[in-house]
Amino acid sequence: MTTRLTVAQALVRFLTAQHTERDGERRRLIGATWGIFGHGNVAGIGQALVEYAGVMPFHQGRNEQSMVHAAVGYARQCGRLATHAVTTSIGPGATNLVTGAALATVNHLPVLLLPGDVFATRPADPVLQQLEVPYAGDVSVNDTLRPVSRYFDRITRPEQLIPSALAAMRVLTDPVETGAVTLALPQDVQAEAYDWPEEFFAERVWTVRRPGPDPAELALAAAAVRAARRPLLVAGGGIRHSRAQAALAAFTEATGIPVASTQAGKGALRYDHPRDVGGIGHTGTATADELARTADLVIGVGTRFTDFTTASGTLFQHPDVRFLHLNIAPHDAHKLAALPLVADARTGLEELTGALASYKVDGAYTGEYTAAKERWERRVDACFASPDPDARPTQPQVLGALDALVDESDIVINAAGSLPGDLHKLWRARSRDQYHLEYGYSCMGYEIPAALGVKLAAPEREVWALVGDGTYLMMPTEIVTAVQEGVAIKVLLVQNHGYASIGGLSAAVGGERFGTAYRFRTQEGTYTGAPLPVDLAANAASLGMRVLRAGSVRELRAALAEARAADTPTCVYVETETSDTVSGAPEAQAWWDVPVAASATRTPAVTAREQYERHVSTRRRHL
């Protein structure tokens, strides 16, 4: 039995019938479709979305990249069991997807991209917005999505959609392979009719696997832990994706092993859990980084061990340090010449806990990290404290005001600038999903659209997008979508008149903060003088958002409370007190490798190079 539909209609109908299942929890895989229409998708996918409007929700975006960010935020909040699709026109609509696709793939978060493409039948060649490639007739701008997609196909015949759509679902639901999936859709093929077998539209459930560890690997892992005297566990984003937080708590309570966290893993344990020692690496706490320097066994769970986590290879300094990596992806499990334990994070932690039986770290080690954790918490208290409530707040004091207001139901979203460093060191995560930092790609502009996606996934919770002035200027447009659809996200907009994070880095590496401040340009090419007369609060208000301005700590506290209680999209705007230390937070507790000019005449660069060479000399290759 067959049904005659266009390719676009068949695809949308197919997507409505796809589900995921894990641990008895069943979700619809594609919860909605985001779109910006133009030639290439308006008459194909656009018409199909009208046809199936009753079963496929639609969200109107303002920027193609931000639509992907919204879908990614939704997917992360859903534990990768559900995501959104994104449709665009051909040309710039399609190429605007590339950054969002890279972010999704780097972070192993599923999103389905449906860009329009040029005519497959080529009735006119070239067509509007077509890239002509003299040496290849089958290349279009959509090919820029190949390297940032986990699966890519171009549907040039109707019947090709059947195996391609099934392959796309397989990748989206694979805990190892998931990321951006792209089905490029030539505009003529989208509108072409075909007789589809009814079986194509049957309801399908894709099981998200929880593979257990190999018994031999598990035995070796347990032996390595038993032999350790100063083990440290590094919790990564895989714990969140696997929903392994309870298994982690059981493991660390049984063994006494302290837990440090990456940006993606923060919140795996509550901040006040006795074993939680905070963020690790360049933006980490003194407690976690000192433990890392003396650890004889580093147990990575669900982490990729990026340069921020390892302090560019300078953090783990014990002469006999070894690594044990529990990761569902073999590629990551073997990093740093580690002993691999290839398994789902929750399953692996549960089995490793059982294999360790009566193992417990020495009481002196427990006392050491407990005292260090208490000292760091006092430093956090000092950063959050506001001696003069009528003064302009520092950035940590802004975080302190928010920290004092929220409970475990609030979700805090950030991605780039100086805020991630302050948040990683200072924020007190109260629940397993409160802390939402996109730091795999650290993409400016992620926060506001991601907040939309998170709020759509968790409408009952308060969702805060923490945004600096630099990242706000990158992508504020989805404020309009939030207003249009009545999605009551909260934006905390922090104004410090420039790229604070990169400005600080520029000063540290001899760049003298060149081109990082929002100041008037002089004839000599420098940027000095008063800040630019840019009113970001007025801009947010012009996009339809309710804006509350705060000029002091006291006003900030009141504005945050008012915003939290609001049932409409609301922005709290605050200008911070800045200093040479960028934010007033504790300085970096570990190094990060940004190469400095090897030859220069200006003193700042010469001095920075000397410091750079000292740090480089401490780097280790863990083999």
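The crossing of helices H8 and H14 is right-handed. This crossing belongs to a predicted model, and the values below are computed from that model.

## Two helix pairs

Two packed helices are described by the angle between their axes and the distance between the axes. The table lists these quantities for two pairs.

| Helix pair | Residues | Angle between axes | Distance between axes |
|---|---|---|---|
| H8 and H14 | 215-227 and 345-356 | about 60° | 9 Å |
| H16 and H17 | 395-403 and 419-426 | about 55° | 11 Å |

Angles from 65 to 115 degrees would count as roughly perpendicular and angles under 35 degrees as roughly parallel. With an angle of about 60°, H8 and H14 are therefore oblique to each other. On the H8 side, the contact is made by Leu218, Ala221, Ala222, Val225 and Arg226, and on the H14 side by Glu351, Leu352, Ala355 and Leu356. By residue class, this contact has seven nonpolar residues, two charged ones and no polar one.

For H16 and H17 the angle is about 55°, and these two helices are therefore oblique to each other as well. H16 passes H17 in a right-handed crossing. Gln395, Pro396 and Leu399 of H16 meet Leu419, Asp422, Leu423 and Leu426 of H17. Five residues of the contact between H16 and H17 are nonpolar, one is polar and one is charged.

## Covered helices

H16 is mostly covered, with nine of its nine residues buried. The buried residues of H16 include Gln395, Gln397 and Asp403, along with Pro396, Val398 and Leu399. Gly400, Ala401 and Leu402 of H16 are buried too.

How many of the nine residues of helix H1 are buried? Helix H1, residues 7-15, has eight of its nine residues buried and is mostly covered. The buried positions in H1 are Val7, Ala8, Gln9, Ala10, Leu11, Val12, Phe14 and Leu15.

## Nonpolar cores

In soluble globular proteins, nonpolar side chains tend to be buried together. In this model the largest nonpolar core has 50 residues. The residues with the most contacts inside this core are Leu233, Leu248, Ile280, Ile299, Phe316 and Leu349. Leu248 touches Leu233 and Leu349, and also Ala235, Ile239, Val259, Ala268 and Leu269, not counting residues up to four places away in sequence.

Tyr573 lies in strand S25, residues 570-575. Is Tyr573 buried or exposed? Its relative accessible area is 9%; buried means under 20%, so Tyr573 is buried. Not counting residues up to four places away in sequence, Tyr573 touches Leu493, Gln495, Leu536, Ala537, Val547, Leu548, Arg549 and Ala550. Tyr573 and Asp469 are 104 residues apart in sequence, and their C-alpha atoms are 10.0 Å apart in space.

Gly544 is found in the loop between helix H22 (536-542) and strand S24 (546-550). The relative accessible area of Gly544 is 43%. Exposed means over 50% and buried means under 20%, so Gly544 is partly exposed. From Gly544 to Thr156 the separation is 388 residues in sequence and 42 Å in space, C-alpha to C-alpha.

Key. Residues numbered from 1 in each chain as written. Predicted model: local features only at pLDDT ≥ 70, side-chain atom pairs only at ≥ 80, totals over all residues. Heavy atoms only, no water. Axes fitted to C-alpha atoms, helices over the stretch in contact; angles between N-to-C directions. Helix = DSSP H or I, 4+ residues; strand = E, 2+ residues; numbered from the N terminus. Parallel < 35°, antiparallel > 145°, perpendicular 65-115°, else oblique. Left-handed = near helix turned anticlockwise from the far one by under 90°. Contact = heavy atoms within 4.5 Å. Nonpolar A, V, L, I, M, F, W, Y, C, P; charged D, E, K, R; others polar. Buried < 20%, exposed > 50% of the residue type's maximum accessible area, 1.4 Å probe, protein only. Core = buried A, V, L, I, M, F, W, Y, C linked by side-chain atoms within 4.5 Å.
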